[in-house]
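The points below are grouped by topic.

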Amino acid sequence: MKLITKFILIYLTVTVFVLGIGGVISYYIIQDEVDKELQWEFLERIDRVTYLLEQGRRFNPRRNIEGDRNLIIQELDYPVEDRVEVTDTLIWHNRLEQNEQNVKVSAYRNINGSPYFISTYGAMIESDDIREAVVKTLLWIIGLQIVGALGIGYFISGRLFKPFRKTLDRIRNFDLHQKEILPAEETSVAEFTDLNRFIEQMTRKAVSDYKNLKEFSENASHELQTPLAIAKGKLELLTESNLTEEQYRYVESLERSIKKLSRLSESLSILTKIENYEFINDQTADLSKLITESIEEFREFIIFNKIEIETDIQENVSVQMHPALTEIMWTNLFQNAIKHNIPDGTIKVILNPNELIISNTGKPLSVNPDQLFERFRKDDQNSSSIGLGLSIVERIAHQNQFNIDYTSKNEWHTIRIELNPVKPV
Amino acid sequence: MKLLIVEDNLDLLENMTTYLEREGHICEAAEDYRQGFDKIMSHSYDVVLIDIMIPKGNGLDLLKELKSVKPQTGSIIISAKNSLDDKVNGLELGADDYITKPFQLPELQARIKAVTRRNQHEGNQIIEVHELSIHTNTREVKVDDQTVDLTPKEYDLLLYFASNKNFVLSKQTIAEHLWGDYVDHLENLDFVYQHIKNLRKKLVAAGANDYIESIYSIGYKFKV
């Protein structure tokens, strides 16, 4: 629901509620005023009757004077004190055929030594009429309120909210990779100006964090790779100096360690880059082609390791993914399948527009398969792998909103990735 | 061959010059942008190696200067940032090759030779080692004018050996040269041995001497 629609609805609900209460109050106030007016008039009438009685005029009991049927004058045969009573009474109304509430004023008077009871009653306006008038007035007011609210709503969404909508558009088009902040624009509304300032601060922070992390990962990589390059070079120079077999084995083992360190640094740097969203997924990668070609590339290793490979690869399966990430993801998966295989083992690769499944035979796992997505988690702690391959695969899948799961059953290890394929053009 | 190495890290510089000078190259060094710029402007080199991150400037700017005054000079970018941007920028600016730290010295040597071969005229694209001749434009190998039938990997292997004559090449180095990052995760490097065995067999069968020598079956040397 749009903000403005919600606002109008709340406004109208409150209005109806307030006017309802207002209506009830108005009804009682009007009735009270009318009753008071009637009381005054009836008292005056009683005074006039008293005056006439004092003048010696006689009335028959329950006889009306001057066409007024609602006047009772009674001479009493017991002494009374002078007093006036005001009561409400229900009187049958012939025309409306219902009881109507009337005001009744009764007075006890001693006139020329004789006690009298004088009473009169009546209604100036019927209560129905008051209710009707109040409801009519309220309906008019509500009608005008609705027209007003709609008018204001139109104005607000049109003019008043313009800066807000503009800000929303700018946020929508914000791209971290452009490294441009969203400078605050002044508006005539304090809250919108605040919002814009806040967004400027936030984007400035986001851009600077992005830059810092990017620089840091590149510098860290540089600082690590340079000494590794030096060490590697020195070892290569060392092998030129007629080493004994034992010495050469040490050198070779050192070279392997250096290689591992360098791979580790590279993998960490890739993970950082993925997590810093430095790869934009605005390109399409042809998975079918990548996988087919890579299997060809690896065929030598596969045959050499005595591994069978079975494939069921549909053609033209494309995903919207950065090509570098696509390659890293697949290479890691495939190399894992080769590396952790057993002699005379099998690899199965299934690719269709909905999923990529790679399974391989291997030793049973000693840990929960899902834990292998964690960094530096390895099934065999002595293995030469660095334990980042599957973390990288998982991060890449996650960033592309692909579901990924790892299952291990008997000697089969299966990784399944649900894809969001791009429709072939 | 005359080389200029622009690199601020002295240890790394020493590694490169030591290795390359053994092969008979003349190496000059520049430690920062200023020195590099002066040397480029005043001398001629066959190949210039430029590190991207150097003091007092950027290696890519230096490459731009080099390409504007001496476009025929071969150039190789050295970078520690395995950053795609740098690679693309470097190659767009006219660098002939791009190598990432930590690189192997034999790999650097092979790349330098490949760059010079490409920059030279047709006639020089043949590497001759006694009775062996490697025709790099047609990717053919001949023993006394008789073509030897090699697989692409065997050809690359021989070329790599010929570019690093008399140097010890470890299995790891060879595997990385032939398969690049693909072997990164592979433990068993015995397939390198398989390829070398096949190559030796084919060359000997064609009448060539067996130049490839095994060093404790850990590494190999192309001994001439």
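In this predicted model, α7(B) is the element that gives the most to the lining of the second largest cavity, with three residues. That cavity has a volume of about 30 Å³, and the count comes to two cavities of 30 Å³ or more.

**Second largest cavity**
- The lining consists of A:Lys232, A:Glu236, A:Glu255, A:Lys259, B:Gln104, B:Gln172, B:Thr173 and B:Glu176.
- At least two lining residues each come from α4 (190-238) and α5 of chain A and from α7 (171-179) of chain B.
- By class, the lining has five charged and three polar residues, and no nonpolar ones.

**Largest cavity**
- The largest cavity holds about 50 Å³ of space.
- Two or more residues of its lining are given by each of α5 (245-275) of chain A and β12 (168-170) of chain B.
- β12(B) gives the most, with three residues.
- Its lining is formed by A:Glu236, A:Thr239, A:Tyr248, A:Glu255, B:Pro106, B:Val168, B:Leu169, B:Ser170 and B:Thr173.
- Four of these lining residues are nonpolar, three polar and two charged.

**Helix α5 of chain B**
- The 15 residues of α5(B), residues 105-119, should span 21 Å at 1.5 Å a residue, and the end C-alpha atoms are 21 Å apart, which agrees.
- Because 12 of its 15 residues are buried, α5(B) is largely enclosed by the rest of the structure.
- The buried residues of α5(B) include B:Leu105, B:Pro106, B:Ile112, B:Val115 and B:Arg117.
- B:Pro106, buried in α5(B), also lines the largest cavity.

Notes. Residues are numbered from 1 along each chain as its sequence is written. Chains are lettered from A and ligands numbered from 1 in the order in which they are written. This is a predicted model: local features need pLDDT of at least 70, side-chain atom pairs count only at pLDDT 80 or more; totals for chains, interfaces and linings use all residues. Side-chain values use heavy atoms; hydrogens and water are left out. Helices (H or I, at least four residues) and strands (E, at least two) are DSSP runs, numbered from the N terminus. The expected span of a helix is 1.5 Å times one less than its number of residues. Buried means under 20% relative accessible area, exposed over 50%, partly exposed in between (1.4 Å probe, protein chains only). On a 1 Å grid over the protein atoms alone, a cavity is a set of points where a 1.4 Å probe fits but cannot get out, and a pocket is an open set with protein on both sides within 12 Å along at least five of seven lines; lining residues have an atom within 4 Å of a point. Grid points are joined across faces, edges and corners, and a volume is the space filled by probe spheres set on the points. Ala, Val, Leu, Ile, Met, Phe, Trp, Tyr, Cys and Pro count as nonpolar, Asp, Glu, Lys and Arg as charged, and the others, Gly among them, as polar.
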